[in-house]
Amino acid sequence: MSDDDPVTEAALTDELDLHTFQPRECASVVDEYLRAARAEGFRHVRIIHGKGTGTLRRIVHAVLERHEAVASFRLGDASGGGWGATLVRLKPKE
């Protein structure tokens, strides 16, 4: 990761909020976040994409479907952000 990488600007947590990113940035941000979260040993993370038109959700899910760090994912339940967030289970770090 580089120093200007959006994921490294703040302390890594188990939640990524995409509201501050442009849709064109989201795939790379999610990819890098998943790599960093897995490297830090996180097993579950939440990605907040919002409800809106569904564009960000589709981008996020496309990344999750092919990402090697992802064991499974699902939309959030009522306590996890509803369909405005996706809950991700990561594979253990190698």
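Author: Contact here means heavy atoms within 4.5 Å. Helices (H or I, at least four residues) and strands (E, at least two) are DSSP runs, numbered from the N terminus. This is a predicted model: local features need pLDDT of at least 70, side-chain atom pairs count only at pLDDT 80 or more, and totals for chains, interfaces and linings use all residues. Residues are numbered from 1 along each chain as its sequence is written, and side-chain values use heavy atoms, with hydrogens and water left out.

Reader: Which elements cover the buried residues of α2?

Author: Buried means under 20% relative accessible area, exposed over 50%, partly exposed in between (1.4 Å probe, protein chains only). In α2 the buried residues are Leu56, Val60, His61, Val63 and Leu64. Their cover includes α1 (23-39), β2 (44-48), β3 (70-75) and β4 (85-90).

Reader: Which exposed residues does the face of α2 turned away from its buried side carry?

Author: The buried side holds Val60 and Leu64, among others. The face turned away from that side carries Glu65 and Arg66.

Reader: How many bridges join β3 to β4?

Author: Two strands pair if DSSP finds at least two bridges between them. Arginine 74 has leucine 87 in β4 as its bridge partner. β3 and β4 run antiparallel, and the number of bridges joining them is five.
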